[in-house]
Each structure stands twice: as C-alpha cells, then as structure tokens.
Amino acid sequence: MTLVPLDKLSDSEKSILTLVLEGNSIIDTGRFRFQSEEEVRRFLQLNEYDITRPKDQERLAAIHNEACGYLKSQLQYDLPREIREPARFLSLFLTSKEEPFSEQACVLLKTMNIINHIDGRELLYNCPISLRDVYSLVEDKIERALTKVLKKETPLLKYEGGRKSKESLITKLLSKKETIAAQINDRVRYRLVVRKKEDLVEMVLHLFKEILPFNYLIPGASVNQLIDTRPLLTASEYLSGKMNRRIKKLASSLSLRLPYPHSEREYSGKNYRVVKFVVDLPIRLDRFLSTTTGPFSDALGSLVYVLVEFQIVDEETNEINNTGVNGHAEYKKRQKTGVLRRVMRR
C-alpha cells in the first residue's frame, strides 16, 4: 500500500487522482481546475479536439449552442451573456471560485460533456463501420501512445493487452449476473507494470495527462487495492462542494475503514491486487467519414467512443498476481467451474 504524495501534487492532479481512484463521475465533481489556456488546449487534445482546426471550432460551437438551449428550455437555467457568448471559448474552462459566473460555466461544460458523448455514441451506432475496424483504431492509438511512454523517463516497465477473444467474452457473460454484452467494460484492456509501488500514482497521472480524458472515466468501474486514498479523502480542501463538519467526520471515518476501496472479484485469488479503471476513449473517424455520405457525418461530428480497461500494478505485485492461486490459469479454472455450476443451476 502506497500513500498519496499530497505535497508533490497540484490541485488539478489531486482532483484527477481522486476522481480516478474513487471511480466518481465528472458531473458530480466541483469546478474544473484548469490553471491556464495551455492546460485547456491539452485537455481538448486528449478529447481529440484541436482548437486550431476550423472544423473542430465549429463542432465545439455547435455543442455549446445546444447545451445553452437545453439548459434554457428544459431546466429554465439562465446563463449570463458572458457564458452564452464568450469572448474566448477557452476561458469557459478557467473557472476558479473567485471568478464571476464560474458556477454557470461549470454547469454548461458538464452539459456539453454529456451532449458530446451522446453524439459520439450515436455516431458509432449509425456509422457503417465494423466494430472490428473501430477496435483496430483503438488498439493502434493506445499502442502508439504507450510505446512513446516506454521511450520516455517514466516508471512504466512494460505493458500488455488488446482485445478479449470471443471465447473469453462468452465465459465472462455466462459467469456474471449482467449477461448483456453491452455491459462488458474490458473488451479492450491493457495491463501496465511499473517498477515500484511508489510509482503507481505517477503512472496514473501520466496516463490522464498524456493519453486519457478524465472526463470520460466510467463511474463505479474503478478498483483500487494498492494506493491509500485517505490523504485525499480527509484533506477537507480537496473534498468536492461545501461540506459541513459532520459530513467531513463521516468521510474520514469511512476512509479509515476502507483505506483502498475495491469490489470483490468472485474468481480472483485472495491475494490478487490491482489498480483498475475504465475510460470511454474517443476515436476520430475523419478518414472514414470523408468517403461516406449521410446526414450523421456532419450533425454528430467525427468522434466515437470505445470502452477500454486499464490495470496498473507494480512489479512485485504483478509477480504475486501471477503465481499460485492468483495466477491467470487458476482464475480461468475457477471461472469455468462457476460457469458450469451456473448454467446447470447447481
């Protein structure tokens, strides 16, 4: 178990780390913690938007207008002119508590986040491209990114992953209560191994700075059995929203009982440990859409989203996870035994 190095993290890093390790939703967080326009540009790039491209500017403007219209017509939520017609789009993200209209800007951005995601999902369902080709684009994007990470001075030691086989998907669905294929979060999954437990925090933050958009983290899908989040939970300045003393005390007591909350994996070994989270990764289909005709190619933008699971462990934990009852072969044996018992109703 490794402690979170609070003294070495910025406010934005603390927010992202809490979001990822606790498996929370970006919609339930407080204000965004971007410190500069350059940081905002990087965030948009992680979401596959390049603010210098006219097409991307038009797409963001369309989402902005739709979000303003929704808030006004459906929620009767009035936005000030400075938010409806910002002088600079990037300024919407720089919403510290001291700035005027920061709350309204945050409400608008969260609504835009949802609209963008819905359109991406609809494009994936309507666009005549096979999931096999989409998964190939996902794997290519991640492989290129992780290869670059390995070449840099990062704690990443090695990685492995890709698509699950159809046989693995069948076994998984037969073994769990949620027997709908759409509910599988790890059709594409990657396992990353770092050198030491102390490197886990750095690796998580690096992924969300260089590869993954934290705003499309899947809530409730995170497992954290290696990083002690108590410093994040009990530091009142990093708790989201205004919390009274009683709620803070309750959060502190819960964090002591559950220092690294995790969901039990029915077929995993008793000593199996991992940091895991799922992200809906944005993929651009510009090249494909340029050769395709159809109203969706413009109305829904050019982004689709694919769920990808990431697991991160240190080298020592990885060795423990791969030996004895924790090993993958033993895990699959227990899982298949459970499948037979279930389908035979024993």
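Biologist: Why is Cys127 called buried?

Modeller: Cys127 has a relative accessibility of 4%, and buried means under 20% relative accessible area, with exposed over 50% and partly exposed in between (1.4 Å probe, protein chains only), so Cys127 counts as buried. Cys106, at 5% relative accessibility, therefore counts as buried too. Bear in mind that this is a predicted model, in which local features need pLDDT of at least 70 and side-chain atom pairs count only at pLDDT 80 or more, while totals for chains, interfaces and linings use all residues. Residues are numbered from 1 along each chain as its sequence is written, and side-chain values use heavy atoms, with hydrogens and water left out.

Biologist: How many disulfides are there?

Modeller: The count comes to zero disulfides, where a disulfide is taken as a pair of cysteine sulfur atoms within 2.5 Å.

Biologist: What makes Glu139 a buried residue, and what does its side chain meet?

Modeller: The relative accessible area of Glu139 is 16%, so this residue is buried. Glu139 belongs to helix α6, residues 131-151, helices being DSSP runs of H or I with at least four residues and strands runs of E with at least two, numbered from the N terminus. Its side chain makes a polar contact with the side chain of Arg163 at 2.7 Å; such a contact is a pair of N or O atoms within 3.5 Å, where within protein one must be able to donate a hydrogen and the other to accept it, and residues adjacent in sequence count only if both atoms are side-chain atoms. Beyond its neighbours within four places in sequence, Glu139 is in contact (heavy atoms within 4.5 Å) with Gly162, Arg163, Val188 and Tyr190.

Biologist: How do you know that Asp280 is buried, and where does its side chain reach?

Modeller: Asp280 has a relative accessible area of 1%, and is therefore buried. Asp280 lies in strand β6, residues 275-284, and its side chain reaches the backbone nitrogen of Leu307 at 3.1 Å. Among the contacts of Asp280, leaving aside neighbours within four places in sequence, are His117, Arg121, Tyr216 and Tyr305.

Biologist: Why is the pair of Phe34 and Phe43 given its name?

Modeller: The search of the whole structure finds eleven aromatic pairs. In this one the ring centres are 5.0 Å apart and the planes stand at 50°, so the pair is tilted; rings of Phe, Tyr and Trp (its six-membered ring) pair if their centres lie within 6.5 Å, and planes under 30 degrees apart count as stacked, over 60 as edge-to-face and the rest as tilted. Phe34 also pairs with Phe93, at 5.8 Å centre to centre and 75° between the planes, which is edge-to-face. Phe34 lies in the loop between α1 (11-22) and α2 (37-46), and Phe93 in the loop between α4 (81-84) and α5 (102-126), so that pair ties together parts 59 residues apart in sequence.
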